[in-house]
Amino acid sequence: VQLVESGGGSVQVGDSLRLSCVASGRVYSSSVMGWFRQAPGKEREFVALIRWHSGTTLYSNSVKGRFTISKVNAENTVYLQMNSLKVEDTAVYFCARGSQYSSDTREYFNWGRGTQVTVAS
């Protein structure tokens, strides 16, 4: 399965962006789709995940209440709606597929190449 992210860009503090991740090939119902991000000089960190079958979600504390993860199974697409963006949200955002309900990057085995999000003050 290949994952391709899109929707990144440069915005101002308080703006919104919606990221998309399209999966080519079959996404099994047992899959978990996650969004992660990596800022310059920092480790990759968990942002949000969603179970492909049930739609159950999980968010990091830093984005809870501002970001929303969703999916359209028929389109093999996962979205990340990002509202009230902050400077500290600046990072490359990656989509990933795993099989465990986990925020650990090691549990994910398919990764996209990422899309840059830059938030300016």
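How many bridges pair β3 and β8, and in which sense, parallel or antiparallel? β3 and β8 pair over six bridges in the antiparallel sense.

This is a predicted model, in which local features need pLDDT of at least 70 and side-chain atom pairs count only at pLDDT 80 or more, while totals for chains, interfaces and linings use all residues. Residues are numbered from 1 along each chain as its sequence is written, and side-chain values use heavy atoms, with hydrogens and water left out.

**View 1. An open sheet of four strands.** The strands follow the order β1-β3-β8-β7 with antiparallel pairing; strands are DSSP runs (E, at least two residues) numbered from the N terminus, and two of them pair if DSSP finds at least two bridges between them. Because β1 (2-6) and β7 (67-72) stand at the edges with a single partner strand each, one side of each is left without a neighbour in the sheet. Strands of a sheet pair through backbone hydrogen bonds.

**View 2. From β1 across to β3.** Five bridges join β1 to β3 (residues 17-24), and these two strands run antiparallel. Within this pairing, glutamine 2 stands opposite serine 24 in β3.

**View 3. Strand β8 and its two partners.** Five of the six residues of β8 (residues 77-82) are buried, where buried means under 20% relative accessible area, exposed means over 50%, and partly exposed lies in between (1.4 Å probe, protein chains only).

**View 4. The disulfide of cysteine 21 and cysteine 95.** The sulfur atoms of cysteine 21 and cysteine 95 lie 2.0 Å apart and form a disulfide, a term that stands for a pair of cysteine sulfur atoms within 2.5 Å. The torsion about their S-S bond is about -75 degrees, so the disulfide is left-handed. Cysteine 21 in strand β3 and cysteine 95 in strand β9 are 74 residues apart, and the pair thus links distant parts of the chain. Both cysteine 21 and cysteine 95 are buried.

**View 5. The largest nonpolar core.** A nonpolar core is a set of buried Ala, Val, Leu, Ile, Met, Phe, Trp, Tyr and Cys residues joined through side-chain atoms within 4.5 Å. Of the 27 residues in the largest one, Met33, Trp35, Leu80, Met82 and Tyr93 touch the most other members. The largest share of this core, four residues, comes from β3.
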